[in-house]
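Hello,

Here is the structure I promised to hand over. Please open it first; my notes follow below.

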Amino acid sequence: MTSSQVTREMFDQVMVPNYAPGPIIPTHGIGSRVWDQAGKEYIDLAGGIAVTGLGHAHPELVAALTEQAQKLWHLSNVLANEPAILLAKKLTDMTFADRVFFSNSGGEANEAAFKLARRYSWEKHGPHKHEIVACNNSFHGRTLFTVSVGGQAKYREGFEPVPGGIKHVPFNDIAALEAAINENTCAFVVEPVQGEGGVTPADEAYLKRARELCDQHNALLIFDEVQTGVGRTGALYAYMKYGVTPDILTTAKAMGGGFPIGAMLTTTEVAKSLAVGTHGSTYGGNPLGCAVANKVLDIVNTPEVLQGVERKHELMVAGLKAINEKYGVFSAVRGMGLLIGAALTDEWQGKAKQFMTAALEEGVLALIAGPNVLRLAPSLIIGDDEIKEGLARFERAVARVAQGQ
């Protein structure tokens, strides 16, 4: 079957209907530009939901994948492999962590983190200490456990009964956190910037108080950096910007530059609780993903890239504010680094998808974070000219929606 015979209608015929992709089918990309089947070009300000942190078809990533593909694709964790060991060493050298568990996705990394937190507390303090505290509007994955910890009821609807022992508190509310964490708490999990929940950064005081409360009650502090990690905020991991160190950190998305890989990072002491046989993954730590991720970290964890993220943040925020001065559709532009949210005013509540659809028609890929927030998460190395062109196209989309076209 040729590419011309593959249609968007075929998707609806052969796929489970849990996705509703847009009307186009992209076929290839270079950097921050992609092309669809008709040859139309788009500026990518979505990054595959903060995944393609180095853009499309980055030559060094292509080379790393190609080289490894000619060696080993898979061994399973019955045997070790060199790329996985090298990647784990790199992650521990670059972060607070001493030990790494590899997964295929962010959801699986969070699943491992929550299981580890419970098992560690069970071993150290007994079965009563099993409660997990999480935030309203959080998102931690789609497994039954992670969707239960996530603070959005819509993702749990119809899948009950879900795992128990989970509390939810308002994000950035110190008093509520103080009331929730107690002697039965095994962990508090938080996103430094809530992604799906509206691109809302955590307050520094909130995270510092969370660290204090976890220490006070012998609970573990888990940072879900699946979306904020690997340079997205202008630091390799957002915890470095906040000056608050977690006990467990999860990472995925941009770590593989588009190749599926995730990881859970933790300390030697906490890691002991995942002894042989307690947890596993058939594909986790596979040589292909680890080879690519090694190269991603080498490129991203440099002053040139990380400082560039900060500068590009200012350029994008200034552009969005200039658009808003003309059309008045945003109540706030927020976020960190190249994870940026534009919250809609009361007049436009519930209509974020209209703006995203119009953007696609104007030749720019954008995202939403719930029904009321537009989200942009482009490549960390997107060119200034592409930012300007992407925002020009985005402005045309905003104008169309605002003017009822």
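Is Arg 156 buried or exposed? Arg 156 counts as buried because its relative accessibility is 18%. Buried means under 20% relative accessible area, exposed over 50% and partly exposed in between, with a 1.4 Å probe and protein chains only.

Two notes on the source. This is a predicted model, where local features need pLDDT of at least 70, side-chain atom pairs count only at pLDDT 80 or more, and totals for chains, interfaces and linings use all residues. Residues are numbered from 1 along each chain as its sequence is written, and side-chain values use heavy atoms, with hydrogens and water left out.

Back to Arg 156. Arg 156 sits in the loop between helix 6 (144-149) and strand 6 (166-169). Helices (H or I, at least four residues) and strands (E, at least two) are DSSP runs, numbered from the N terminus. Leaving aside neighbours within four places in sequence, Arg 156 is in contact (heavy atoms within 4.5 Å) with Val 147, Ser 148, Gly 150, Gly 151, Val 162 and His 168.

An open sheet is formed by 7 strands, in the order 4-12-11-10-7-5-6, with mixed pairing. Its edge strands are strand 4 (99-103) and strand 6, and each pairs on one side only. Two strands pair if DSSP finds at least two bridges between them. Strand 5 (residues 131-135) and strand 7 (residues 185-190) run parallel and are joined by 3 bridges. Glu 131 has Thr 185 in strand 7 as its bridge partner.

Now the cavities. There are 2 cavities of 30 Å³ or more. A cavity is a set of points, on a 1 Å grid over the protein atoms alone, where a 1.4 Å probe fits but cannot get out; lining residues have an atom within 4 Å of a point. Grid points are joined across faces, edges and corners, and a volume is the space filled by probe spheres set on the points.

- The largest cavity holds about 50 Å³. Its lining includes His 74, Asn 81, Thr 282 and Pro 287. By class, that lining has 3 nonpolar, 8 polar and no charged residues.
- The second largest cavity holds about 30 Å³. Among its lining residues are Val 147, Gly 150, Gly 151 and Tyr 155. Here the classes are 3 nonpolar, 6 polar and no charged.

Ala, Val, Leu, Ile, Met, Phe, Trp, Tyr, Cys and Pro count as nonpolar, Asp, Glu, Lys and Arg as charged, and the others, Gly among them, as polar.

Best wishes

How values were computed:
1 Å grid on protein atoms, 1.4 Å probe; cavity = no way out; pocket = protein on both sides within 12 Å on 5 of 7 lines; lining within 4 Å.
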